[in-house]
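Take a look at the structure first, and then follow along.

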Amino acid sequence: MSMAVAGMIAGMALGFAGYFGGFAAFLLVAALGAIGFLVGRFADGDLEPGDFFRPRERDDERRR
């Protein structure tokens, strides 16, 4: 499935949630969609848990 089709399906789901359930349902669907996206990226191997918990390197430490 292309990213355009996935984006269209996500937009339609958010639209239905907002129309039928109100703004709170819209936010819930958006948050669960973002969590599902991250879980999918972990499952595909594109992300690792350490990517979120590793401290950033400062510019002067990278230059050494």
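## A helix and its end

Helix H1 gives way to Gly45, a residue with a positive phi near 90°. This is a predicted model, and its secondary structure consists of three helices and zero strands, running α-α-α from the N terminus.

| Part | Mean pLDDT |
|---|---|
| Chain | 79 |
| H1, highest in the chain | 84 |
| H3 (residues 59-62), lowest in the chain | 58 |

In the chain, 88% of the residues reach a pLDDT of 70 or more. Where pLDDT is low, the predicted coordinates should not be read in detail.

Of the 64 residues, 2% count as buried. The chain exposes about 5700 Å², with carbon and sulfur atoms supplying 65% of that area. A nonpolar patch of about 980 Å² is built from Met1, Val5, Met8, Ile9, Met12, Phe16, Tyr19 and Phe20. One of these residues, Met12, sits in H1, which covers residues 3-44. Is Met12 buried, exposed or partly exposed? Met12 counts as partly exposed because its relative accessibility is 44%, and the partly exposed class lies between under 20% for buried and over 50% for exposed.

Technical notes
Residues numbered from 1 in each chain as written. Predicted model: local features only at pLDDT ≥ 70, side-chain atom pairs only at ≥ 80, totals over all residues. Heavy atoms only, no water. Patch = residues over 30% accessible without salt bridge, like charges linked within 9 Å, V, L, I, M, F, W, Y side chains within 5 Å. Areas by Shrake-Rupley, 256 points an atom, 1.4 Å probe, with all protein chains shown as cover. Salt bridge = Lys/Arg side-chain N within 4 Å of Asp/Glu carboxyl O. Helix = DSSP H or I, 4+ residues; strand = E, 2+ residues; numbered from the N terminus. Buried < 20%, exposed > 50% of the residue type's maximum accessible area, 1.4 Å probe, protein only. pLDDT = per-residue confidence, 0-100.
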